[in-house]
Number of protein chains: 4
Amino acid sequence: MSRVRVAIAGATGYGGSNLFRMLLGHPEVEISYLGSQSYVGKRMQEVYPHLPEFDLACEAWDVDAVRDRADVFILALPHGLSMHSVPALLESGKRVIDFGADYRLRGPAAYPRWYGIEHASPELLEEAVYTIPELDRERIAGARLVACPGCYPTSALIPLAPFLRTHAIDTRRIIVDSKSGVSGAGRAAVKLEYHFPEANEDVCAYAVTEHRHTPEIEQEASRIAGTEVCISFTPHLIPMTRGIFTSIYADLTGSLATDQAVEILRDAYDQEPFVKVLGANALPHTKSTVGSNFIHVTARVDGRVNRLILLSALDNLGKGEASQAVQILNVMMGWPETTAIDHITVYP
Amino acid sequence: MSRVRVAIAGATGYGGSNLFRMLLGHPEVEISYLGSQSYVGKRMQEVYPHLPEFDLACEAWDVDAVRDRADVFILALPHGLSMHSVPALLESGKRVIDFGADYRLRGPAAYPRWYGIEHASPELLEEAVYTIPELDRERIAGARLVACPGCYPTSALIPLAPFLRTHAIDTRRIIVDSKSGVSGAGRAAVKLEYHFPEANEDVCAYAVTEHRHTPEIEQEASRIAGTEVCISFTPHLIPMTRGIFTSIYADLTGSLATDQAVEILRDAYDQEPFVKVLGANALPHTKSTVGSNFIHVTARVDGRVNRLILLSALDNLGKGEASQAVQILNVMMGWPETTAIDHITVYP
Amino acid sequence: MSRVRVAIAGATGYGGSNLFRMLLGHPEVEISYLGSQSYVGKRMQEVYPHLPEFDLACEAWDVDAVRDRADVFILALPHGLSMHSVPALLESGKRVIDFGADYRLRGPAAYPRWYGIEHASPELLEEAVYTIPELDRERIAGARLVACPGCYPTSALIPLAPFLRTHAIDTRRIIVDSKSGVSGAGRAAVKLEYHFPEANEDVCAYAVTEHRHTPEIEQEASRIAGTEVCISFTPHLIPMTRGIFTSIYADLTGSLATDQAVEILRDAYDQEPFVKVLGANALPHTKSTVGSNFIHVTARVDGRVNRLILLSALDNLGKGEASQAVQILNVMMGWPETTAIDHITVYP
Amino acid sequence: MSRVRVAIAGATGYGGSNLFRMLLGHPEVEISYLGSQSYVGKRMQEVYPHLPEFDLACEAWDVDAVRDRADVFILALPHGLSMHSVPALLESGKRVIDFGADYRLRGPAAYPRWYGIEHASPELLEEAVYTIPELDRERIAGARLVACPGCYPTSALIPLAPFLRTHAIDTRRIIVDSKSGVSGAGRAAVKLEYHFPEANEDVCAYAVTEHRHTPEIEQEASRIAGTEVCISFTPHLIPMTRGIFTSIYADLTGSLATDQAVEILRDAYDQEPFVKVLGANALPHTKSTVGSNFIHVTARVDGRVNRLILLSALDNLGKGEASQAVQILNVMMGWPETTAIDHITVYP
């Protein structure tokens with residue numbers, strides 16, 4: 001049986017190159033196209049000496065020229081570019097997985113507000129599936145167009161979901177405080193703030209009250225809760241390469257003990273191969289997830305103030321991006337969900 | 001005029017050695033005693049090759065043997081030790097500045113609960129002054145016994161105070177999420193969790209819902225607000241050496257814009273030499289404070305949810321410990337408050 | 001056909017736990033015993049939350065009690081322990097791979113000098129095979145007892161070997177300057193020098209002129225060259241977790257250009273799956289090897305002084321320890337050499 | 001008595017801004033001009049929030065417009081720019097201290113070879129003084145034009161000098177292996193190789209056999225030795241912000257023990273306020289010098305091969321650049337040499 005041809009647009013970024021490495025080992029996939037803005041004509045190994053030799057060189061992204069070169073297109077493009085290519089791909093009967101934000105938000109009005117652009121193909125927003133496999137894999141199976149959730153939303157929504165579903169928390173007052181390694185900025189973001197001497201030995205908050213992942217988290221949290229959810233989301237940059245740690249604070253609507261909160265997480269995720277629920281004696285560490293598709297989560301109740309504290313750790317380029325995209329591809333195509341996904345953490 | 005003789009007990013820890021270095025340059029101070037548990041008989045320069053030569057060797061701490069050797073005693077001892085020495089020192093007419101927790105909490109009942117020990121000199125808790133100079137320097141001036149605030153409480157109370165005083169925020173729902181470098185654990189804390197391969201490239205939360213700085217923050221916040229304040233405090237360990245970044249979330253009781261919130265901070269701290277209030281265009285970075293006694297603070301309002309976000313950055317061994325102790329010493333003794341305090345940040 | 005039973009003694013160290021993870025995925029291997037000094041009764045997952053569930057708990061190492069529990073014993077024990085266990089294992093017809101130094105040096109006299117101990121089973125030193133697979137895999141195949149080379153020797157010997165064999169360099173004046181991440185010290189080495197605030201943002205040399213890997217490098221280099229080789233070896237500790245970068249300086253005996261030197265490396269290693277020779281336009285980076293069994297090497301000639309400079313980068317827990325041990329196991333047992341070895345680098 | 005007016009051109013780089021901070025506290029100096037390419041019209045505090053308020057804004061560098069604005073010009077400009085400004089400054093009777101390479105090399109022919117440019121004012125190369133104060137402060141006193149030594153040369157020449165002077169080492173075979181933090185690349189060097197995710201957790205060598213500091217080191221070493229000295233210099237980039245650690249390997253011409261080698265260093269530098277010679281029981285650490293003007297040095301003899309190993313540690317922005325420039329200014333102007341220089345290390 002022939003393999004499914006997969007194109008990667010934006011293959012030389014951190015997300016794209018990690019995806020490339022994983023798909024090389026995927027038994028159902030043949031990588032048939034590699035797109036790159038900055039490295040046209042180069043092999044992946046010339047850009048990343050750790051990658052194995054591979055026949056194809058990188059090509060400039062041109063949807064018309066490449067639409068027949070693959071069956072599935074995975075787009076790791078800067079925000080605002082996918083929306084111009086996806087309609088043509090779907091018309092050609094292709095399937096699309098988009099790393100970017102272009103199809104994450106339901107309402108076209110959100111794009112001018114949060115991204116400063118008019119959406120170029122708003123008619124597809126309704127069809128596009130945005131979800132984390134663990135939260136609603138049925139919607140991914142068979143979809144034509146899937147928008148991969150961002151790294152921060154993944155880290156927030158997996159621990160929040162079970163409590164949103166049961167209305168255990170006050171949905172209007174949720175606080176999400178995230179701490180991210182610098183690779184989340186991407187390889188192309190060579191800017192002063194990520195210059196090693198500036199970013200090393202420093203912590204800061206950024207995009208306070210206005211980070212673009214806020215509407216994503218609220219949209220999905222609201223869908224899960226069945227009611228409007230309001231989130232204060234504050235991302236922080238910390239001096240490490242990979243990893244996101246998210247601390248969530250929510251007021252409990254009723255009484256709940258730490259053990260019960262942990263149990264709610266366990267009930268939700270016990271069958272999930274990539275979600276590890278830690279009990280009352282352990283707390284998540286990003287180091288435990290580096291290189292893997294795992295998210296580690298736990299819960300604590302601050303009984304003095306009746307507040308739920310949820311903590312999660314993941315690799316922003318793993319469960320936060322590249323390996324979650326492979327997971328989504330597997331679900332979309334009906335393959336075993338763990339196929340070709342690194343199960344391993346490189347520790348320490 | 002002769003100098004005031006100052007003893008440092010616990011001189012070879014990170015806090016003590018930074019204090020030693022600063023007091024060496026203090027024109028009013030003669031360091032007359034150095035105490036150390038682990039380095040009895042050693043010179044400071046043998047322990048820390050960067051320190052200058054100095055006549056005294058470290059001696060074991062023995063309050064009866066040393067009470068006549070100094071006029072002011074600065075105690076950088078493990079929690080639970082000062083309480084056994086301070087009564088004798090005060091009886092001898094000495095003044096004491098305590099780095100530890102032994103005289104931070106008003107009620108003796110707090111010690112069994114948060115520190116697991118009975119207080120050995122509870123009669124002094126009433127007299128002991130616990131405050132940050134910027135918040136109430138009058139109480140420090142002339143005091144016999146001052147408990148230095150911890151690094152986390154300093155990072156939380158300075159930004160919070162002006163909003164507590166004016167009842168601008170809901171005092172029962174304040175969330176304090178702090179990110180600390182590893183030097184906060186101290187030099188003696190050579191444990192697996194601070195082993196470089198474990199702590200590097202990792203973030204984690206610790207002591208969730210049960211960190212010992214919680215009652216300190218609540219006690220002082222309540223005093224400032226004139227009403228009971230409830231705090232959820234969650235500290236995080238991040239892979240850097242020096243610095244604490246604190247993010248505070250509080251529901252506004254009325255309407256307030258970001259500019260107004262910044263103005264409130266400016267009004268409170270404009271005359272303070274060590275507090276820098278950043279405006280709407282800048283956010284604090286711990287790197288901007290490394291080696292100095294500065295705290296950088298700012299405020300943002302998340303208008304969508306009417307929530308105040310306060311952000312602060314300081315050096316946990318600077319404003320968070322050693323240089324704040326010098327500041328307290330200066331106020332206590334009636335010397336110019338900035339004497340011998342490093343004004344400089346080593347950047348980058 | 002039944003799997004070969006493999007015992008890991010010292011399973012909870014960094015080397016042992018990485019080995020455990022890889023052997024879990026080895027199609028020919030059944031892990032039949034896990035030994036640990038510090039975690040008797042614990043599961044691997046309790047020590048390392050990133051590891052998968054596994055039936056066996058750790059047991060104290062007792063050679064008599066466990067000699068029948070496995071066919072192959074991989075010993076990741078502190079230096080000086082293996083020498084007491086190996087004779088009994090070989091008598092029982094077992095095969096042994098030793099991570100430690102006990103069987104690395106040919107002459108028993110070297111042990112008092114470099115390790116301060118008398119060798120307890122010197123009669124086995126002659127039989128024990130010490131080599132890197134790429135340099136002499138024939139000696140490994142079928143051996144009963146193999147001593148794994150240390151991380152530093154591997155980083156030095158692979159680039160040096162082709163030049164030693166052809167007598168292209170002056171063997172009496174070789175300088176090896178290595179830079180290592182802190183995980184090389186091991187997980188059990190919780191000491192002040194590896195305390196995060198001390199090791200972070202610092203570089204130092206250590207064990208100058210007296211590092212124990214010196215005689216290993218000289219012994220193997222001499223064997224390869226067929227003449228006595230003298231090495232000045234200086235290791236340095238740098239603030240990162242994984243990786244060794246080695247810079248080697250050697251005087252050329254004749255004339256050689258950089259291109260020719262690179263070609264000599266290429267000729268030697270072109271067929272090797274785990275050695276990547278970089279050309280005149282690229283230099284090794286440890287980051288390109290993190291998590292993998294790769295070593296990246298290149299050569300430069302400083303024509304002004306007729307000196308050869310060899311540069312190598314590897315992961316001290318990969319090619320420097322755990323994955324090289326799997327490679328050795330594969331060669332020893334006659335299995336395909338790349339079986340169960342991580343080919344992947346986690347980048348960035 | 002009026003202060004000497006000092007201009008800083010290139011004030012917003014890492015070197016310039018550290019210099020600015022120190023000169024602010026210099027009792028003999030009035031900073032009368034601040035030049036910057038990228039921040040014209042900005043105050044230093046807008047670029048670096050940790051710096052104090054200061055009246056002057058940054059101005060574009062225009063030698064004709066500013067030549068009357070100061071008595072001494074300190075130029076922290078990219079290589080190749082000073083040579084066009086210095087003649088006019090000297091003609092106007094000004095004194096110049098140049099951070100860059102334009103006046104470091106004696107022979108104009110070296111500039112096309114190592115910097116790819118023809119020298120624009122070669123007639124000044126003879127007059128320009130290049131030296132480290134500790135090695136030849138007489139030449140600095142009263143000079144009109146001083147070229148500050150680079151960070152790497154300072155780290156190599158201070159330990160080497162006493163052994164070069166006495167011909168204790170073979171001058172044709174010296175190897176200098178340096179390990180530098182990333183701030184050495186400067187603030188303006190925002191490039192992929194210094195992007196945090198690339199530089200963090202990585203070591204590499206760069207500019208192998210062709211680094212521009214090679215001719216500087218050889219020129220000064222030759223002057224000191226009175227004979228031609230040949231150096232193989234290999235710089236490495238390591239994942240930290242500040243610090244250079246240099247390891248030097250040289251064959252001894254006669255017999256020498258470690259204690260004697262240390263004694264030679266002690267004899268040379270015992271009276272120097274900024275050179276600390278460590279004995280046989282201690283090794284240099286860059287951390288011990290961060291923020292200070294100190295260099296820590298020691299020596300070891302590898303008796304087996306009769307080789308001298310010299311080790312040094314300094315802060316590349318301290319003794320390697322900004323504070324050494326203040327030291328040079330003090331010597332040039334006849335002020336006490338330690339004036340306004342940070343003596344303190346920020347540790348840890």
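Strand β13 of chain D (residues 307-314) is mostly covered, with eight of its eight residues buried. Here "buried" means that 20 or more other C-beta atoms lie within 10 Å of a residue's own; exposed would be 12 or fewer, partly exposed is in between, and the C-beta atoms are placed from the backbone. Strands like this one are DSSP runs (E, at least two residues), while helices are H or I runs of at least four, and both are numbered from the N terminus. All of this comes from a predicted model, in which local features need pLDDT of at least 70, side-chain atom pairs count only at pLDDT 80 or more, and totals for chains, interfaces and linings use all residues. As for the labels, residues are numbered from 1 along each chain as its sequence is written, and chains are lettered from A and ligands numbered from 1 in the order in which they are written.

Back to β13(D). On one side, D:Arg307, D:Ile309, D:Leu311 and D:Ala313 point out from the strand, while D:Leu308, D:Leu310, D:Ser312 and D:Leu314 point the other way, and all are buried. Which strands pair with β13(D) in the antiparallel sense? One is β10(D), residues 244-251, joined over eight bridges, and another is β12(D), residues 295-302, also over eight bridges. Two strands count as paired if DSSP finds at least two bridges between them. β12(D) and β13(D) make a hairpin with four residues between them, and D:Asn306 in the turn has a positive phi of about 50°.

Now for chain B, which has an open sheet of seven strands in the order β8-β9-β7-β10-β13-β12-β11, with mixed pairing. Its edge strands, β8 and β11 (275-277), each pair on one side only. Inside that sheet, β7(B) and β9(B) run parallel and are joined by seven bridges. Helix α10(B), residues 258-269, packs on the sheet and touches β11, β12 and β13 of chain B; its direction makes about 150° with that of β12(B). Such angles run from 0 to 180 degrees between N-to-C directions, using lines fitted to C-alpha atoms, for helices over the stretch in contact.

Chain B also has an open sheet of six strands, ordered β2-β1-β3-β4-β6-β5, and here the pairing is parallel. The edges are β2 (29-35) and β5 (129-130), each pairing on one side only. β3(B), residues 72-75, and β4(B), residues 95-98, share four bridges in the parallel sense. Helix α11(B), residues 318-333, lies across β1 (4-9), β3, β4 and β6 (145-147) of chain B, at about 155° to β4(B).

| Residue | Opposite residue | Strand of the opposite residue |
|---|---|---|
| D:Ser247 | D:Leu311 | β13(D) |
| D:His296 | D:Ala313 | β13(D) |
| B:Val176 | B:Phe233 | β9(B) |
| B:Phe73 | B:Val96 | β4(B) |

Next, how the chains sit together. Chain B can be laid on chain A by a turn of 180° and a shift of 0.0 Å along the axis, with an RMSD of 0.0 Å. The two copies are thus related as by a two-fold rotation axis. Superposition is by least squares on the C-alpha atoms of residues with pLDDT of at least 70 in both copies. Which residue of chain B comes closest to this axis? That is B:Pro239, at 3.2 Å (C-alpha).

The contact takes 38 residues from chain B and 38 from chain A, where two residues are in contact if their C-beta atoms, placed from the backbone, lie within 7 Å. Elements giving two or more residues to chain B's side include β7 (174-180), α8 (196-199) and β9 (231-237). 100% of the interface residues of chain B are also interface residues in chain A, so the copies meet through the same surface.

Chain B can also be laid on chain D, again with an RMSD of 0.0 Å, a turn of 180° and a shift of 0.0 Å along the axis. For this pair, B:Val346 comes closest to the rotation axis among the residues of chain B, at 3.8 Å (C-alpha). The same surface serves both copies, with 100% of the contact residues of chain B recurring in chain D.
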